Amino acid sequence: MDVRDGPEAGSLVSEAEGFRGSAGNMEKEEKLINKGEEEEMEIYGYSLCRWKLALVAGGALCTGGLLLLLLYWMPEWRVKATCSRAPLPGCQVVLLRTTDEFHTWFCAKVRTVLSLGCRPLQTPAFVAEKGADGVADHLCPEASDEEGERNRLSQGHLQEIRHFTHHSVKYFWDEGLQNFGSIKGLDESVPCSSIHHEHSAGLAKGIRDYRRLFYGVNEIAVKVPSVFKLLVKEVLNPFYVFQLFSVILWSTDEYYYYALAIVLMSLVSVASSLYTIRKQYTMLHDMVAAHSIMRVSVSTADRGIEEILSMDLVPGDVLVIPSNGMVMPCDAVLVSGTCIVNESMLTGESVPVTKTNLPNPSEDPKAPEEEEEAYSPEAHKRHTLFCGTTVIQTRFYTAELVKAVVVRTGFSTSKGQLVRSILYPKPTDFKLYRDAYLFLLFLVGVAGVGFLYTVVNSILHQVPAKIIIIESLDIITITVPPALPAAMTAGIVYAQRRLKKVGIFCISPQRINICGQLNLVCFDKTGTLTEDGLDLWGIQRVENARFLLPEENACSKPLVKSPFIACMAACHSLTKIEGVISGDPLDLKMFEATGWILEEATEEETALHNHIMPTVVRPPKQLLPEPLPAANEDLELFELPAAYEIGIVRQFPFSSALQRMCVVARALGQKRMDAYVKGAPEVVAGLCRPETVPVDFERVLEEYTKQGLRVIAVAHRRLESRLTWHRVQNVGREAIEANMGFLGLIIMQNKLKRETPAVLEDLHRANIRTVMVTGDNLLTAVSVARDCGMIQPSDKVIVAEALAPKDGQPARINWHYADMLSKGPDPSLAIHTE
């Protein structure tokens, strides 16, 4: 039960001397770590107390080890029984308590390392001056000999840094805050311009070694516990300890067969539980360990491009992404080039995503100087390569390498946080568990009453003491079922086998019992209730602010040079991977409907040009009007004017928050560029000039959405001649997407899966409520819900329309029937207004 940190105890004296004056007045203020975050915890300092250790040792001997067992179950009691409160600057042990409703206790040892500085992202002067002389190779004292450590310490270069580790995250002591805190990488409070100017040059070897002392090895290590450790942890469960007590008691009372049966059941239960848990650990270890260690190329400040192990990466390293791709060993932000990435490991979506380099605010003339945007992996995910995702291919121009700055490593990465959530799940507060504990507590109460009655009654009848003890304790073992954990484990194992037969795998078997309490299931729409693919139902173009008749075929000669078809062919994020066009299924179906051809420049072609070679789309020759050759005109010359190609100069990827995407393109031979936008009809219409939007826009949109069709609006604008290629690369999205002209609607059909109605019917029969969660048009969602049986034909759907305060009017909510949604603010149609 010794919670000391060993040799570090004496080394803390010098650091804590300045604090000793106030040590008598113990800190009364409450210290928090991870303040405001999901893992916020209270922290208390403790130091080893020898006389308390002696008392615990004596108590353990007197109780036959039961006291040690109790302290093993209760971390708070363990620390308080062996340590005394101490100020945080000089403590040896920290006691942590979560601030959520569970108030879970943890304890951790405080360790000490020697370092040349206390800030990982601020390079100490000694490293900068001496790094080139070989001293940097010995920044980590663990890797050097003992005599060398003493020499450097005597020179005053090294200082003690105190830290502890909790749930695979290191917390270092901060003198300024007088508290422990986790070390952040470049993912917090680092301006985007700083990423480009200060961190894109790479690190020298000495600085990398210095930072590794804080960030540790870039590895997501999932240790598979030995069978012995798992056995001890499982056997020391309170239920099994109670069973052991019961078996011993029954053996003394000659209940040999019953005791043997319970022992056999417990052994089977423990064995199956051990097998399941170890198998899960092994599967998780194998999944995480795949591609976790590899050789990567980094751009350094002093040695150019060199190869290192991915384990040695630290925030600030500049990773060179090879042209044939790689599995990302860390989180990194692109500073040059473009990548095509498969993020299915994190998102479950197998559609490749295009990642572009992080915009440099200093190159945008309209960027505000006073409030510079800080880089954030979540806000800039279109520029961030996440750990565990696969870079399929890269694009670079003018022989420039595709580079990314490492921002997070190890368990701080997106993949690391996912693994941490599996290794250290939050406790669950299900009503079933609460009821089970109350039931057991009630049984214990009944057993207590029976125990007292048996003792009193036996004493009155002068029963021998041995028999009184055995029979009284026997009441407790019978009242509280000793076979309960074994029975529950057997049920879970059987349920797992049934689930496995239908292809369902459960990584947390204990959750199976909770499934019987489910009363609500939420479904995504596209790809879950409906098919993954979309089919083009038709298009409806707009001319002179009037809708034309719907058209089924977008691949026709009369439309080939219209802005509408140009938008369908150019406004997407498709790319070619090994000669096959890949991307979002909606984009793919839309592009295929045009019959156009997509071409991308090769690496050899991009290396010959100063400007970015754009992705080019063009119609097939059979769709173009045939030219009339003049007499004696060369064949190639008269074909040139008939060529029609559109180069995609810049993409603004689809944003779920904005509900649209935009591209800037230029047709072959045109001096001015064009902007094309597609997205949610209401959003796109709001970006267009009012005189270009048909007056019956809402009525037409409602007709399609009521049929369950997915509707996308498109718009176009001819850009000013002053917007050159260089300016377009740095101009803001808002400037491009203003004053658009409405082009019309693209109508897509998304069919229900065959099994959807039957599954929903099974859930309804089980009295389980079903809910659809979707970002599609509201009327489209209502139509799909009616088709699949989620909403019955006789049910009426009421829509709540929230209106923000405007022109002195307070915020209000309008309630409408879904059938009347498009008829606007007519008060006669509203059910009620709050």
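Which backbone nitrogen does the side chain of Ser336 reach? In this predicted model, the side chain of Ser336 comes to 3.1 Å from the backbone nitrogen of Lys403, and a polar atom of that side chain also lies 2.8 Å from the backbone oxygen of Leu401. Ser336 belongs to strand S14, which covers residues 331-336, and its relative accessibility is 7%, which is under the 20% cut-off, so Ser336 counts as buried. If neighbours within four places in sequence are left aside, the residues in contact with Ser336 are Asn357, Glu400, Leu401, Val402 and Lys403.

From this residue we can turn to the sheet around it. Strands of a sheet pair through backbone hydrogen bonds, and the pairing may be parallel or antiparallel. Here S14 is one of 6 strands in an open sheet, whose order is S11-S10-S12-S19-S14-S17 and whose pairing is antiparallel. Strand S11 (304-309) and strand S17 (384-385) stand at the edges, and because each has a single partner strand, one side of each is left without a neighbour in the sheet. The partner of S11 can be followed in detail: strand S10, residues 295-300, runs antiparallel to S11 and is joined to S11 by 6 bridges, and Thr300 has Gly304 in S11 as its bridge partner.

Another antiparallel pair is made by strand S8 (residues 169-174) and strand S9 (residues 179-182), which 4 bridges join. Within this pair, Phe172 stands opposite Gly181 in S9. The two strands S8 and S9 form a hairpin with 4 residues between them, and in the turn Gln178 has a positive phi of about 55 degrees.

Note on methods: Residues are numbered from 1 along each chain as its sequence is written. This is a predicted model: local features need pLDDT of at least 70, side-chain atom pairs count only at pLDDT 80 or more; totals for chains, interfaces and linings use all residues. Side-chain values use heavy atoms; hydrogens and water are left out. Buried means under 20% relative accessible area, exposed over 50%, partly exposed in between (1.4 Å probe, protein chains only). A polar contact is a pair of N or O atoms within 3.5 Å; within protein, one must be able to donate a hydrogen and the other to accept it, and residues adjacent in sequence count only if both atoms are side-chain atoms. Contact means heavy atoms within 4.5 Å. Two strands pair if DSSP finds at least two bridges between them.
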